[in-house]
Amino acid sequence: MATNSTTGTGLIQSLGVGSGLNIQSLVTQLVGADRAPLDAQLTRQSQSVATQLSAMGALKGALATFQSALAPLATLSNFQAMAASSADESVYTASAAGAATAGSYSIEVRQLAQPEQLLSKAFAGGATAATGTGTLHISLGNGGFDVAVQAGANTLANVRDVINGAKDNPGVHATLIYGVGGAQLVLSSAQTGAANTIRVSASGGDGGLAQLAYDGTPGGNYTEALKAQDAIAIISGVEHHSASNVLDQAIDGVTVNLKTAKPGTSVTLAVTEDQTAVIGNVQKLVGAFNTMRGQFHTLGDYHAATKTGGPLLGDWLLNG
């Protein structure tokens with residue numbers, strides 16, 4: 001049997017006929033009055049939960065900051081920090097690890113490590129000059145790779161591009177320089193050190209690529225714009241060679257970064273205990289502890305002036 005959805009409303013309204021009362025409004029107000037305490041309680045509980053969640057976030061942040069400040073002081077090595085300083089940082093800079101020993105050293109930088117750079121003979125035809133076809137084998141130190149120069153793409157510019165695009169290229173960069181005599185192919189090493197020389201050989205094809213070959217013989221197809229060489233430093237009378245300008249195997253625990261060669265001039269390196277670093281770490285710990293302690297008071301104390309308690313007053317986690 002179908003029920004008319006308006007029957008209840010009509011009955012309530014009919015009860016008020018002749019009485020002058022709006023029964024529907026009266027019932028709505030009574031229901032609202034009955035719900036008001038529950039609604040207020042739910043609102044208070046919701047606000048309390050939100051406040052506690054915010055307080056927990058603040059507590060977590062304070063603990064994390066303190067933990068981070070504590071970490072550097074958790075190991076003995078951090079209390080044995082060392083510092084290294086150069087008397088002339090335009091010649092070299094230095095840093096020291098905990099394994100370093102306090103002392104003073106004289107360092108003479110005789111030469112810097114540098115990469116090799118080769119400059120081919122000039123090609124009057126410029127970038128489009130024909131080079132011949134075949135395969136170029138290019139080596140850099142102990143590594144090497146091959147590039148193919150095909151007919152129809154056998155120009156100086158294409159040789160440059162296939163060298164730079166080779167996936168197994170260990171660090172040979174090619175470019176062209178243009179002068180009054182034409183274009184010249186420049187091969188530059190990305191690696192310093194006397195062992196990292198560039199060599200080029202040609203095979204197959206029409207034989208024309210032989211004009212780009214280089215076996216290191218002076219006066220061949222290339223001139224040496226830069227010579228591959230090691231860094232040389234005299235450290236307290238001991239000669240030290242390095243393929244790079246970063247000397248990390250010369251003095252225990254000390255790294256020296258060479259900047260400028262200055263033959264005949266000794267620059268003092270001082271290695272000392274780094275008390276500044278230790279003091280700084282302790283000061284960070286003290287500051288983080290005081291901040292955390294202040295956060296604990298804000299969250300868990302009773303404030304007599306305002307007669308209010310912190311959001312975590314009496315909370316077992318904060319008390320713990």
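Visitor: In which helix does V286 lie?

Guide: V286 lies in helix α4, residues 275-300; helices (H or I, at least four residues) and strands (E, at least two) are DSSP runs, numbered from the N terminus. This is a predicted model, in which local features need pLDDT of at least 70, side-chain atom pairs count only at pLDDT 80 or more, and totals for chains, interfaces and linings use all residues. Residues are numbered from 1 along each chain as its sequence is written, and side-chain values use heavy atoms, with hydrogens and water left out.

Visitor: Why is V286 called partly exposed?

Guide: Buried means under 20% relative accessible area, exposed over 50%, and partly exposed in between (1.4 Å probe, protein chains only). V286 has 46% relative accessibility and therefore counts as partly exposed.

Visitor: What makes β4 and β8 a pair?

Guide: Two strands pair if DSSP finds at least two bridges between them. Three bridges join β4 to β8 (residues 182-189), and the two run antiparallel. Within β8, L187 stands opposite L118.

Visitor: How many bridges join β4 to β10?

Guide: Four bridges join β4 to β10 (residues 222-226), again in an antiparallel arrangement. T223 in β10 is the bridge partner of L119.
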